[in-house]
Amino acid sequence: MTAESTYRLGHSRFSTSTEGLQRILEGAYEKKARPLCQCSRQEPAMYIAKVGTEYVLNPHSPSKSLISLS
């Protein structure tokens, strides 16, 4: 069993299974906000990429591989 990733945007927390995830990512994308991954104490900043009509989280710059949220 794999633990689900949790992210933080300001005071809000969400996971890859959060209802309305695409709306959250779209809003952050438009503001150029970078969610912080709660996977470690360092809280690495994530990138949001728009792929077609969907938004996906990416731990690297937009030119690197993407994390599928499907």
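Visitor: What does the charged end of Arg 34 sit over?

Guide: The ring of Tyr 47: in this predicted model, the charged end of Arg 34 is 3.8 Å from the centre of that ring.

Visitor: And how many aromatic pairs are there?

Guide: Two, by the distance rule used here.

Visitor: OK, step back. Which helices and strands does the chain have?

Guide: There is one helix, along with five strands. In sequence order the pattern reads β-β-α-β-β-β.

Visitor: What order do the strands take in the three-stranded sheet?

Guide: The order is S2-S1-S3, the pairing is antiparallel and the sheet is open. S2 and S3, the latter being residues 36–37, are at the edges; each has a single partner strand, so one side of each has no neighbour in the sheet.

Visitor: What about the turn between them?

Guide: The S1 and S2 hairpin has two residues between its strands. Gly 10 has a positive phi there, near 60°.

Visitor: Which residues of S1 are on the covered face, and which on the uncovered one?

Guide: Tyr 7 and Leu 9 make up the covered face. Thr 6 and Arg 8 are on the uncovered face.

Visitor: Tyr 7 keeps coming up. Buried or exposed?

Guide: Tyr 7, in strand S1, has a relative accessible area of 3%; that is under the 20% cut-off, so Tyr 7 counts as buried.

Visitor: What is Tyr 7 in contact with, apart from its sequence neighbours?

Guide: Leaving out residues within four places in sequence, the list includes Ser 12, Arg 13, Phe 14 and Thr 16. It also includes Pro 35, Leu 36, Cys 37 and Gln 38, and then Met 46 and Leu 57.

Visitor: How far apart are Tyr 7 and Met 46 in sequence and in space?

Guide: Tyr 7 and Met 46 are 39 residues apart in sequence, and their C-alpha atoms are 8.8 Å apart.

Visitor: Now Ser 15, the partner of Thr 6. Why does Ser 15 count as buried?

Guide: Because its relative accessible area is 10%, and buried means under 20%. Ser 15 lies in S2, which spans residues 12–15. Setting aside residues within four places in sequence, Ser 15 has contacts with Glu 4, Ser 5, Thr 6 and Leu 21.

Visitor: Change of topic: backbone. What is the phi of Lys 32?

Guide: Phi of Lys 32 is near 60°, which is positive in a residue that is not glycine. Lys 32 is in the loop between H1 and S3.

Visitor: Buried or exposed, that Lys 32?

Guide: Exposed: Lys 32 has a relative accessibility of 73%, and the cut-off is over 50%.

Visitor: And what phi does Glu 43 have?

Guide: Glu 43 is not a glycine, yet its phi is positive, about 45°. Glu 43 sits in the loop between S3 and strand S4, residues 47–51. Its relative accessibility is 22%, so Glu 43 counts as partly exposed.

Visitor: Last, some whole-chain numbers. What share of the residues is buried?

Guide: Of the 70 residues, 26% count as buried. The accessible surface comes to about 5,100 Å², and carbon and sulfur atoms account for 50% of it.

Visitor: What fraction of the contacts is between residues 24 or more positions apart?

Guide: Such pairs make up 29% of the contacts in the chain that have a separation of 6 or more.

Notes. Residues numbered from 1 in each chain as written. Predicted model: local features only at pLDDT ≥ 70, side-chain atom pairs only at ≥ 80, totals over all residues. Heavy atoms only, no water. Helix = DSSP H or I, 4+ residues; strand = E, 2+ residues; numbered from the N terminus. Buried < 20%, exposed > 50% of the residue type's maximum accessible area, 1.4 Å probe, protein only. Contact = heavy atoms within 4.5 Å. Areas by Shrake-Rupley, 256 points an atom, 1.4 Å probe, with all protein chains shown as cover. Phe/Tyr/Trp six-rings, centres within 6.5 Å; stacked < 30°, edge-to-face > 60°. Lys NZ or Arg CZ within 6 Å of the ring centre and 35° of its normal. Pairing = 2+ DSSP bridges.
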